[in-house]
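This report is a guided reading of one protein model. Please keep the sequence and the structure in view while reading.

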Amino acid sequence: MGAHRLALLVFLATLPQLLLAGTTRYYTFNVTMQKVTRLCTTRAIPTVNGKFPGPKIVTREGDRVVVKVVNNVKHNVTIHWHGVRQLRTGWSDGPAYITQCPIQTGQSYVYNFTITAQRGTLFWHAHVSWMRATLYGPIIILPKSGVPFPFPKPYKDVPVVFGEWFNTDPEAIIAQALQTGGGPNVSEAYTINGLPGPLYNCSTKGRVGTYDNTTVAAILEYAPAGHIKSRPLLWPTLPVFNDTAFAANYSAKLRSLASPDYPARVPARVDRPFFFTVGLGTTPCPTYQGCNGPTNDTMFSASMNNVSFNMPTTALLKAHYDGNTAGVYTSDFPATPTEPFNYTGTPPNNTNVANGTKVVVLPYNTSVEVVLQDTSIQGAESHPLHLHGFDFFVVGQGGGNYDPSSHPAGFNLLDPVQRNTVGVPAGGWVAIRFFADNPGKVIHTPLGKTAQTDELEMGLLD
Ligand SMILES: [Cu+2]
């Protein structure tokens with residue numbers, strides 16, 4: 001009896017500490033083919049554990065997450081935990097050839113990372129080729145036990161994950177686009193939680209008619225239990241999908257909490273300023289094939305500061321870790337455009353890009369500002385930019401060309417929104433700041449080597 005009581009007391013005494021230290025949550029992701037029917041088309045698609053979208057990861061701030069990924073499909077696979085800070089766990093971040101070699105057919109890989117100072121909803125997705133088209137799912141990060149969210153507790157949480165549905169194999173679509181240099185075929189539908197919703201041909205209940213391929217809809221009905229019945233749809237008035245000014249005005253209203261519990265650690269001073277142009281250029285077409293670029297003998301080529309990313313065959317992080325970077329990457333990514341031009345005006349005569357695997361190496365804890373400037377070469381468009389393993393603050397944005405003499409005066413350094421991805425506005429610029437406090441991380445945009453296809457990456461390896 002005495003011994004039992006002692007054991008119980010010891011257990012109770014250590015319990016709060018166990019909770020503070022967080023627990024370890026184990027998951028197994030078996031990547032397998034699964035038949036799925038959407039828009040009256042049945043296809044075998046790569047899935048995690050036969051689910052589309054894939055399973056939810058539910059964790060708490062401070063927990064360790066261990067996911068064993070087993071590849072049972074014919075394509076290479078990696079999984080990326082989008083938005084997870086991955087402090088000193090770069091090997092678990094997931095981008096193929098950047099932080100790891102892809103998991104080959106029949107192989108497995110264990111991702112092992114700790115959720116640090118984050119809570120909310122993120123998502124995971126495959127990070128090699130276009131495998132992400134079907135391999136994705138939500139990550140729910142609850143606050144530490146006993147700590148509330150910084151908003152009233154909701155009755156229920158429902159993750160909403162946006163995606164796309166292709167009636168044909170996305171791997172074949174991207175392979176063809178990479179060969180011809182044209183834009184890849186667009187998807188047949190946008191989806192919410194893997195479902196195209198009621199607006200598409202042959203969607204729920206076999207609706208047939210014209211449809212709008214910029215929009216996906218879902219219907220949320222709430223009523224006392226047993227009283228739900230279908231009603232006519234009430235369509236909201238929405239801006240057009242490419243209304244950049246509307247989107248910019250809306251996102252400019254977003255703010256950080258910037259409270260004592262959730263401070264906004266915005267670098268007030270900048271050690272290393274960068275100015276990157278982001279957009280499309282051209283590459284001469286190989287003579288043995290026809291190309292679908294802007295001309296018959298050119299291909300589209302996405303670039304930052306006119307450098308188009310060449311995917312290495314050795315993972316950048318491994319080369320850095322082994323101290324064996326020769327022939328893998330060079331550390332001379334330009335901090336500013338080597339040949340400045342009127343970025344949103346008339347394009348220069350020569351729009352050919354340079355190709356390379358170039359990174360910027362930064363000392364630990366450097367305060368960094370990156371101004372991203374869209375270019376109008378081959379047409380202005382909005383490019384999403386994402387930092388792996390970092391959150392950053394969006395301190396300013398605007399249309400046209402960035403002006404370093406006047407725009408910084410308007411930057412919000414008090415409570416700017418904190419994000420891991422930001423859209424560089426079509427024909428405009430955006431400025432972000434962050435501390436480079438996460439060794440071995442990489443910036444990239446999910447923007448094309450052709451128009452919107454491969455990854456374009458710029459390394460940050462401290
Ligand atoms: Cu990510």
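## Basis and confidence

The model is predicted: local features need pLDDT of at least 70, side-chain atom pairs count only at pLDDT 80 or more, and totals for chains, interfaces and linings use all residues. Residues are numbered from 1 along each chain as its sequence is written.

The pLDDT is the predictor's confidence in each residue, from 0 to 100. For the protein chain its mean is 84, and 85% of the residues reach 70 or more. Strand β4 has the highest confidence in the chain, at 98, whereas strand β23 (residues 456-460) has the lowest, at a mean of 41. Residues 206-210 have pLDDT below 50, and this stretch has five contacts in the model beyond near neighbours in sequence. Residues 444-462 also fall below 50, and here the model has 80 such contacts. Two residues are in contact if their C-beta atoms, placed from the backbone, lie within 7 Å.

## Overall make-up

The protein chain contains four helices and 23 strands. These elements are DSSP runs numbered from the N terminus, with helices being H or I of at least four residues and strands being E of at least two. Of the 462 residues in the chain, 39% are buried. A residue is buried if 20 or more other C-beta atoms lie within 10 Å of its own, exposed if 12 or fewer, and partly exposed in between, with C-beta atoms placed from the backbone. Among contacts between residues at least 6 apart in sequence, 73% join residues at least 24 apart.

## Strand pairing

Two strands pair if DSSP finds at least two bridges between them. An open sheet is formed by four strands in the order β2-β1-β4-β6, with mixed pairing. Because β2 (41-48) and β6 (108-114) stand at the edges with a single partner strand each, one side of each lacks a neighbour in the sheet. Within this sheet, neighbouring strands are turned by 20° against each other on average, direction ignored; the angles, from 0 to 180 degrees, are between N-to-C directions of axes, which are lines fitted to C-alpha atoms, for helices over the stretch in contact. Strand β1 (residues 24-38) pairs with β4 (residues 64-71) in the parallel sense over eight bridges. Thr 28 has Lys 68 in β4 as its bridge partner.

Elsewhere the pairing involves β7 (residues 120-126), which runs antiparallel to β5 (residues 79-82) and is joined to it by four bridges. Here His 80 is opposite His 125. Six bridges also join β7 to β8 (residues 136-142), again antiparallel.

## Nonpolar cores

A nonpolar core is a set of buried Ala, Val, Leu, Ile, Met, Phe, Trp, Tyr and Cys residues joined through C-beta atoms within 7 Å. The largest has 72 residues, and Val 69, Leu 372, Val 430 and Ile 432 have the most contacts inside it. Strand β21 (residues 428-436) supplies the largest share, six residues.

Ile 432 touches Val 370, Phe 392, Phe 393, Val 394, Val 395 and Val 422, leaving out residues up to four places away in sequence.

Pro 138 lies in strand β8 and stands opposite Phe 123. Pro 138 counts as buried because it has 20 C-beta neighbours inside 10 Å. Beyond neighbours within four places in sequence, the contacts of Pro 138 are Lys 56, Thr 121, Phe 123, Pro 159 and Val 161. The C-alpha atoms of Pro 138 and Trp 124 are separated by 6.2 Å, although these residues are 14 apart along the chain.
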